[in-house]
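The following exercises are to be worked with the sequence and the model at hand. Each task is followed by a solution in steps.

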Amino acid sequence: MVSGRLPPEEALGDRLRQLRLQARKRPIDVFEAGLLPVDELLRYEAGLVRANVCIVHDMCEYYGTDLATTDHLVGLALWMNTLGKLTELTINSPASPEAWFEN
């Protein structure tokens, strides 16, 4: 059964693309504003990179996004970063807490 939901990276990327288009900004405009190189912007919008919270905030601000949407997208980026770090910690850590303190 397909839920119809996008992974968080893709959902964030789609929303950032929608906001950019609503603001009538081209990828080159984002680059010229000093936010991101065009290729990195396109990776963000495709959901191919782990979002940087500050960059997401700056993009929302540049697009003139309302505070509630900005807070939501920044929170999503923060959550994705936290989840990624917790996943890496779990994968790279010994299985038992006792092993964490062994030399």
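**Exercise 1.** Which residues in H1 meet which residues in H3?

*Solution.* The model is predicted: local features need pLDDT of at least 70, side-chain atom pairs count only at pLDDT 80 or more, and totals for chains, interfaces and linings use all residues. Residues are numbered from 1 along each chain as its sequence is written, and side-chain values use heavy atoms, with hydrogens and water left out.

Step 1. Contact means heavy atoms within 4.5 Å. Helices (H or I, at least four residues) and strands (E, at least two) are DSSP runs, numbered from the N terminus.

Step 2. On the H1 side stand Glu 9, Glu 10, Gly 13, Asp 14, Leu 16, Arg 17 and Arg 20; on the H3 side stand Leu 41, Tyr 44, Glu 45 and Ala 46.

Step 3. Sorted by class, this contact holds 4 nonpolar, 1 polar and 6 charged residues. Here Ala, Val, Leu, Ile, Met, Phe, Trp, Tyr, Cys and Pro count as nonpolar, Asp, Glu, Lys and Arg as charged, and the others, Gly among them, as polar.

**Exercise 2.** Which residues of the largest nonpolar core touch the most other members?

*Solution.* Step 1. A nonpolar core is a set of buried Ala, Val, Leu, Ile, Met, Phe, Trp, Tyr and Cys residues joined through side-chain atoms within 4.5 Å. Buried means under 20% relative accessible area, exposed over 50%, partly exposed in between (1.4 Å probe, protein chains only).

Step 1. The core has 18 residues, and those touching the most other members are Leu 12, Leu 16, Tyr 44, Ala 51, Val 56, Met 59 and Leu 73. At least two core residues come from each of H1 (8-22), H3 (38-46), H4 (53-63) and H5 (67-92).

Step 2. Ala 51 lies in the loop between H3 and H4 and is buried, at 2% relative accessibility. Beyond four places in sequence, Ala 51 touches Leu 12, Tyr 44, Val 56, Ala 77, Met 80 and Asn 81.

**Exercise 3.** Is Arg 20 buried or exposed, and where is Arg 24 found?

*Solution.* Step 1. Arg 20 belongs to helix H1 and is buried, with a relative accessible area of 7%. Its contacts beyond four places in sequence include Glu 45 and Tyr 63.

Step 1. Arg 24 sits in the loop between H1 and H2 (27-32) and counts as exposed at 75% relative accessibility.

Step 2. Phi of Arg 24 is positive, near 60°. Most residues other than glycine have a negative phi.
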